[in-house]
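Colleague: I am new to this structure and would like to go through its cavities, a pocket and some helix packing. Could you show me the model before I start asking?

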Amino acid sequence: MALQVHLEGEQSMVFNEHDILERVAVDERTSQTMLTKFFQMNNKDGHAKDLKCLYKDFPQHFVWNATHRIWEPRQRRSTIGRLTAVHSTQGEKYYLRMLLMHVKGPMSYESLKHIGSRTASTFREVAEILGLLKTDDSAEQCLLEVVSFQMPYTLRHLFALILVHVVPPNPILLWQKFEPYLSEDIFKDKSLSPEQTRLKVLQLIDSYQQYMGKHLADFKIPVPNTDDFSIQRDTQEIEAELDIKVSTEDIASVALLNAHQRFVYIKIINSIDNDIPGAFFIDGSGGTGKTFLYKALLATVRSKGEIALATVSCGIAASILPGGRTAHSQFKIPIDENNDSGCNVNKQSNSARLIKQARLIIWDEATMAKKYAIECFDKLLRDIMDSDTVFGGKVVVFGGDFCQTIPVVVKGYKEDYISASLVKSYVWNHLEKLHLVENMRAYLDKPFSEFLLSLGNGTLPCFDDSRIVLPHHLTMAFVDDQSSLFALINSVFPDLTAFGLHSLHTINRAILTTKNDFVYEINNLLMTQFPGIEHRYLSYDETIDQSKQAEHEDFLHSLESRSLPTHELILKVNSPIILLRNLNPREGLCNETRLICLGVAPNVIHALITVGNHTGKQVFLPKISLQCSNSNIYIVPFKRTQFPIRLCFAMTINKTQGQTLDFVGLYLKEPVFGHGQLYVALSRAKTANDVRVLVKPSLDE
Ligand SMILES: Nc1ncnc2c1ncn2[C@@H]1O[C@H](COP(=O)(O)OP(=O)(O)OP(=O)(O)O)[C@@H](O)[C@H]1O
């Protein structure tokens with residue numbers, strides 16, 4: 001059903017040739033339109049008031065009587081409403097349409113201009129305040145909102161992040177405007193001249209950007225032309241590695257290694273100490289202490305003042321290891337595997353020097369990497385080391401668990417997954433296989449640990465070829481969709497106010513499920529119960545080809561993808577959120593990092609990191625433009641400007657790989673479909689008491 005859109009007093013009116021125009025103009029009946037009557041209904045009609053719906057959804061509940069020009073309650077058949085198209089050149093009418101698409105239950109044209117305590121003078125202004133328009137000053141607004149926190153260290157990180165991910169139109173102006181705030185703490189050092197202070201601040205920002213693959217010069221920010229700056233640039237990558245703090249806990253972990261871990265540890269350290277080339281693969285199922293062992297190895301090498309590179313196939317696991325980075329960013333492996341140019345590391349570069357100096361290179365979750373990436377890495381090392389030996393004769397340690405997730409091949413079959421994986425590479429036969437077998441995560445619960453082992457190895461008895469029976473004490477009885485889901489929610493989150501205490505025990509609980517649709521359903525449900533005031537953020541969506549914008553705008557807002565934030569993001573202070581992009585893995589901001597939302601402002605979110613090595617760190621997140629990595633899945637390629645986050649009371653199973661959770665609620669509305677998904681989900685818990693599984697029986701059961 002087409003719904004009229006017009007500015008106040010600018011509706012089309014139908015009248016007869018002989019009608020007297022003065023009368024027509026004041027005739028209430030002919031001047032009423034679907035839109036003016038929609039406003040009236042929201043004012044006066046009890047049902048419409050309760051519904052408080054969007055204009056486009058109104059025809060689902062009311063039907064337009066064209067003769068009497070009134071909305072009447074709908075008796076039958078639901079209809080989908082569509083607002084008539086308005087081109088962006090039509091100014092205020094275009095912005096009015098935009099607001100009608102997003103503001104629920106408006107009572108008049110005027111009411112659309114009220115936002116909280118403010119009254120805007122135009123619809124455009126309202127659209128801008130609601131974040132529906134892309135503004136050139138969003139980076140500046142974001143920094144201004146953070147300035148009041150007086151945290152120059154965090155502000156510098158945000159500034160670096162904004163330059164790389166927000167790409168403001170005039171970085172130099174931004175620098176000039178915020179230099180005093182960015183320098184506040186360093187300025188207090190009276191031993192530094194103003195020039196030296198500026199140099200130091202710029203060096204710091206430049207060094208943060210380096211891990212995002214950029215430098216200040218890329219943004220034309222004038223860097224002092226001093227030797228200090230270029231020397232620092234030349235050595236900063238190596239110095240940053242040497243500066244990684246070795247925690248006393250990681251040093252102490254060497255003494256705690258179990259017999260298998262110790263065997264592997266000694267073997268690897270022996271290779272390093274005696275300069276013996278070594279290429280190892282540590283195979284261990286979930287919880288057998290691979291990460292614990294890597295930390296012990298890294299601490300041992302680094303505490304001797306030597307370089308150990310910690311890399312991982314995925315962002316979140318990188319943030320768990322001290323100094324961890326994704327292997328793709330550390331070794332500059334091309335994303336496109338058809339690109340045969342190899343790793344983008346120049347043999348004379350600082351990155352190559354760093355790799356050459358490294359005494360140990362770890363690549364965790366190598367089972368998730370495609371064989372081509374590991375082969376690129378092998379070629380890079382041979383080139384840098386001028387050697388024909390595998391991995392250039394360096395000590396390289398891969399690790400992973402083939403029972404968990406293996407490489408993702410879009411729309412691929414089982415054979416495609418296997419043929420893309422490390423085991424099918426020429427490299428595989430060169431790796432010395434070392435095994436960890438004792439489940440240290442579930443060591444307090446032996447029967448649970450043994451159950452996980454059989455599940456991972458595929459040795460549990462199956463019926464109907466593929467189904468297994470879960471032990472009774474892990475499952476919850478299914479009554480009906482709603483009450484069973486509420487029971488699961490209550491067992492995982494018995495007290496939602498506990499999030500406000502920022503206790504890690506509360507934050508480290510999650511409902512895991514198989515599909516994003518179920519994730520949205522649970523997150524939305526929990527958000528309605530979560531205490532606090534709702535803050536609503538709407539994304540700005542734009543087609544890459546701008547000529548298609550007007551035609552597709554409504555459609556773009558409705559698009560969902562697992563790698564994109566939603567068009568409408570509802571947040572409350574203290575709600576748990578998850579990051580959707582690798583903003584700066586070195587600083588703990590990875591795809592899948594979980595955080596707590598500490599505060600909200602129109603252009604920035606203040607949050608606390610709750611997983612990995614950066615737990616407890618406060619960060620600020622800007623809105624960024626995100627393009628879906630595979631635009632082909634949409635009819636029209638487009639970008640979405642939104643905070644790169646989602647709620648994470650519930651998550652898909654894959655998002656928790658490598659993590660230990662204090663409580664796992666597994667919601668199986670339909671059977672698990674991916675390789676090792678059930679195993680990954682259950683093996684996040686330490687004991688059987690920390691798991692509850694809700695399985696919805698299939699219709700034939
Ligand atoms: N030797 C040990 N002594 C004490 N605790 C240990 C030991 N080894 C591992 N752990 C603990 O067991 C848990 C699981 O270990 P870890 O995360 O290293 O396993 P993992 O093999 O990396 O698991 P996943 O494959 O699921 O990522 C962690 O809480 C870790 O601290």
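Colleague: How do the residues of the lining of the second largest cavity divide into nonpolar, polar and charged?

Modeller: This is a predicted model, and the second largest cavity holds about 80 Å³ of space. Its lining includes A85, V86, M98 and A550, together with R97, E553 and D554. By class, the lining divides into six nonpolar, two polar and three charged residues.

Colleague: Which element gives the largest share of the lining of the second largest cavity?

Modeller: Two elements each supply at least two residues of this lining, namely α5 (92–100) and α24 (549–558). Among the lining residues are A550, E553, D554 and H557. The largest share, four residues, comes from α24.

Colleague: What volume does the largest cavity have?

Modeller: The structure holds eight cavities of 30 Å³ or more. For the largest cavity, the volume is about 150 Å³.

Colleague: Which element supplies the largest share of the lining of the largest cavity?

Modeller: Of the 13 residues that line the largest cavity, T154, H157, L158, L589 and V619 are the closest to its centre. At least two lining residues each come from α8 and β23 (618–622). The lining as a whole has seven nonpolar, four polar and two charged residues. Its largest share, five residues, is supplied by α8.

Colleague: Are α7 and α8 roughly parallel or roughly antiparallel to each other?

Modeller: The axes of helix α7 (residues 138–147) and helix α8 (residues 152–166) come within 11 Å and cross at roughly 165°. Angles over 145 degrees count as roughly antiparallel. The two helices, α7 and α8, are therefore roughly antiparallel.

Colleague: How many nonpolar residues does the contact of α7 with α8 have?

Modeller: The crossing of α7 past α8 is right-handed. On the α7 side the contact has S138, A139, C142, L143, V146 and V147, and these meet L155, L158, F159, I162 and V166 in α8. Sorted by class, the contact has no charged residues, one polar residue and, as nonpolar residues, 10.

Colleague: Is α7 roughly parallel or roughly antiparallel to α9?

Modeller: Helix α9 (residues 171–187) packs with α7 at an angle of about 5°, and their axes are 11 Å apart. Angles under 35 degrees count as roughly parallel. That makes the arrangement of α7 and α9 roughly parallel.

Colleague: How many charged residues are in the contact of α7 with α9?

Modeller: From α7 the contact takes A139, E140, L143, L144 and V147, and from α9 it takes L174, K177, F178 and Y181. Glu and Lys count as charged. Divided by class, this contact has seven nonpolar residues, no polar ones, and charged residues numbering two.

Colleague: Which element gives the largest share of the lining of the second largest pocket?

Modeller: The second largest pocket has a volume of about 1,400 Å³. Of its 43 lining residues, T291, F292, K295, I320 and T660 are the closest to its centre. The elements that give two or more residues to this lining are α12 (248–256), α14 (290–302) and α15 (315–320). The largest share, five residues, comes from α12.

Notes:
Residues are numbered from 1 along each chain as its sequence is written. This is a predicted model: local features need pLDDT of at least 70, side-chain atom pairs count only at pLDDT 80 or more; totals for chains, interfaces and linings use all residues. Side-chain values use heavy atoms; hydrogens and water are left out. Axes are lines fitted to C-alpha atoms, for helices over the stretch in contact, and angles run from 0 to 180 degrees between N-to-C directions. Angles under 35 degrees count as roughly parallel, over 145 as roughly antiparallel, 65 to 115 as roughly perpendicular and the rest as oblique. A crossing is left-handed if the near helix is turned anticlockwise from the far one by less than a right angle, and right-handed if clockwise. Contact means heavy atoms within 4.5 Å. On a 1 Å grid over the protein atoms alone, a cavity is a set of points where a 1.4 Å probe fits but cannot get out, and a pocket is an open set with protein on both sides within 12 Å along at least five of seven lines; lining residues have an atom within 4 Å of a point. Grid points are joined across faces, edges and corners, and a volume is the space filled by probe spheres set on the points.
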